[in-house]
Amino acid sequence: MKNAIVILLFMNINLFYTQTRVIAHRGYWDTAGSAQNSLVSLSKANEIKVYGSEFDVLITSDGIPVVNHDDDIQGHVIENTPYSQLSNLKLPNGEILPTLEQYLILGKSFADLQLILEIKPHKKQENEKRAVREVLALVKKYNLEKQIEFISFSMNICKELKSKNPNSEIYYLGSDVSPKTIKEIGLTGIDYYYKVLLISKPEWLQEAKEMGLKINVWTVNEDNDMHLFIDKKIDFITTDAPVRLKNLQQPSSLIK
């Protein structure tokens with residue numbers, strides 16, 4: 001009987017804490033052979049069995065979406081440069097700069113991994129619209145609508161995504177709009193900088209829950225902060241330390 005009670009206790013604790021899911025920020029890059037936003041980082045995120053892998057997308061001057069965090073690479077501003085001038089540039093791990101199409105082809109093979117696709121703000125609004133159009137075309141081409149979730153710092157991009165593909169999961173990253181307004185716009189939820197929700201606008205956590213919005217926070221890398229948000233029962237945590245965050249949620253780490 002005692003053993004059965006212990007087993008049930010562990011099961012209940014595990015169910016309670018695993019509701020906060022782990023998203024690997026720019027893939028699982030902080031490990032041998034990997035690099036931020038690389039195909040390897042995507043593969044390694046799948047290997048460690050996290051909920052999702054986040055990555056960043058910009059569009060070239062000739063309409064090819066590529067995966068890169070900064071708006072420039074090796075001195076080339078991506079939205080002003082044709083893909084032919086970027087196609088041989090290498091990431092720190094020696095991998096060639098991936099196109100979004102390459103990223104999605106690989107991601108499709110990881111059926112249990114959500115692809116958290118961030119469309120970066122562009123200098124020109126017309127390029128943001130073009131980026132949304134080309135990204136959605138590729139998502140549809142590979143039948144990835146259920147595996148893709150969208151995030152962006154650009155409200156213009158979020159609204160464009162909502163207009164063109166209203167059933168998408170779409171989160172705003174800007175950390176400067178109330179949950180009530182996000183709900184009125186019709187987005188899925190907020191994906192806000194963790195210090196905003198801990199310090200300057202802690203009331204937004206409860207407001208988001210009351211509005212029925214999903215909640216994600218970025219980029220949480222310290223154990224104490226991870227525990228704080230797990231205790232607040234938010235939906236997702238985006239982190240550069242996905243393995244450590246996963247380990248913090250194991251029942252053995254929660255029972256003293």
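In this predicted model, helix H4, spanning residues 125–141, packs against helix H5, residues 155–164, at an angle of about 40°. The axes of H4 and H5 lie 10 Å apart. H4 is therefore oblique to H5, since angles under 35 degrees count as roughly parallel. The crossing in which H4 passes H5 is right-handed.

The residues that form this contact can be listed for each helix. H4 contributes Gln125, Glu128, Lys129, Val132 and Leu136, and these meet Asn156, Ile157, Glu160, Leu161 and Lys164 of H5. Sorted by class, the contact of H4 with H5 comprises four nonpolar, two polar and four charged residues.

H4 also packs with helix H3, which covers residues 100–108. Two packed helices are described by the angle between their axes and the distance between the axes. For H3 and H4 the angle is about 30° and the axes are 10 Å apart. Because angles under 35 degrees count as roughly parallel, H3 and H4 are placed in that category. H3 passes H4 in a right-handed crossing.

On the H3 side of this pairing, Leu100, Glu101 and Leu104 take part; on the H4 side, their partners are Val135, Leu138, Val139 and Lys141. The class composition of the contact of H3 with H4 is five nonpolar residues, no polar residues and two charged residues.

Terms used: Residues numbered from 1 in each chain as written. Predicted model: local features only at pLDDT ≥ 70, side-chain atom pairs only at ≥ 80, totals over all residues. Heavy atoms only, no water. Axes fitted to C-alpha atoms, helices over the stretch in contact; angles between N-to-C directions. Helix = DSSP H or I, 4+ residues; strand = E, 2+ residues; numbered from the N terminus. Parallel < 35°, antiparallel > 145°, perpendicular 65-115°, else oblique. Left-handed = near helix turned anticlockwise from the far one by under 90°. Contact = heavy atoms within 4.5 Å. Nonpolar A, V, L, I, M, F, W, Y, C, P; charged D, E, K, R; others polar.
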